[in-house]
Amino acid sequence: MIRFLIRVVIYVVTVVLGLLVTSWVLPDFQLSVAGFVTAVVVFSLAQGILTPFIISVARKYAPAVLGGIGLVSTLVALFIASMVTDGIQITGVTTWILGSLLVWIITALGGWLLPLIFLKKKLSSNEK
């Protein structure tokens, strides 16, 4: 249960980092302070729900795109978060593409690197 909670926290942190960095890099990817928390929650839930669904659809109808599922689910989750909340405003096709790519890369790297850091700390504290 603790591992699950750590993974949830890590995922939310990576989403926050992904959205913040993307908003700093792309001028047409705007975040509002008031709606940011709601946008993070909506994006996280949408991606968590959509990814397994998109994987099953792709596996059945388009197995060649299975490698890009994370990118597709990020794009769809950004779309949902931008429609449901005022926390994210994305303007322009290029910004949609680059924004999805940046958020996907940051969340993927964070999801890969942060558990290594936390597990390393946990393992070293267990050895003492």
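Visitor: Where is Leu109 in this model?

Guide: In this predicted model, Leu109 sits in helix 4, which covers residues 93-127.

Visitor: Why is Leu109 called partly exposed?

Guide: Its relative accessibility is 43%. Buried would need a value under 20% and exposed one over 50%, so Leu109 counts as partly exposed.

Visitor: Which residues make the nonpolar surface patch?

Guide: Leu109 is one of them, together with Leu98, Leu101, Ile105, Trp112, Leu113 and Leu116, and the patch comes to about 630 Å².

Visitor: How many aromatic pairs turn up in a search of the whole structure?

Guide: One aromatic pair is found. The rings belong to Phe79 and Trp96.

Visitor: What makes the pair of Phe79 and Trp96 count as tilted?

Guide: The ring centres are 6.2 Å apart, and pairing asks for centres within 6.5 Å. The planes stand at 50°; stacked would need under 30 degrees and edge-to-face over 60, so the pair is tilted.

Visitor: And which parts does this pair tie together?

Guide: Phe79 lies in helix 3 (residues 69-84) and Trp96 in helix 4, so the pair links parts that are 17 residues apart in sequence.

Visitor: Are these residues buried or partly exposed?

Guide: Phe79 has 45% relative accessibility and counts as partly exposed. Trp96 has a relative accessible area of 18%, and the limit for buried is under 20%, so Trp96 is buried.

Visitor: How do you know that Thr74 is buried?

Guide: Thr74, also in helix 3, has a relative accessible area of 0%. Leaving out residues up to four places away in sequence, Thr74 touches Phe43, Gln47, Ser100, Val103 and Trp104.

Note on methods: Residues are numbered from 1 along each chain as its sequence is written. This is a predicted model: local features need pLDDT of at least 70, side-chain atom pairs count only at pLDDT 80 or more; totals for chains, interfaces and linings use all residues. Side-chain values use heavy atoms; hydrogens and water are left out. Patches are made of residues with over 30% relative accessible area and no salt bridge: like charges are joined within 9 Å, nonpolar side chains (Val, Leu, Ile, Met, Phe, Trp, Tyr) within 5 Å. Accessible areas come from the Shrake-Rupley method with a 1.4 Å probe; for residues, only the protein chains shown count as cover. A salt bridge is a side-chain nitrogen of Lys or Arg within 4 Å of a carboxyl oxygen of Asp or Glu. Helices (H or I, at least four residues) and strands (E, at least two) are DSSP runs, numbered from the N terminus. Buried means under 20% relative accessible area, exposed over 50%, partly exposed in between (1.4 Å probe, protein chains only). Rings of Phe, Tyr and Trp (its six-membered ring) pair if their centres lie within 6.5 Å; planes under 30 degrees apart count as stacked, over 60 as edge-to-face and the rest as tilted. Contact means heavy atoms within 4.5 Å.
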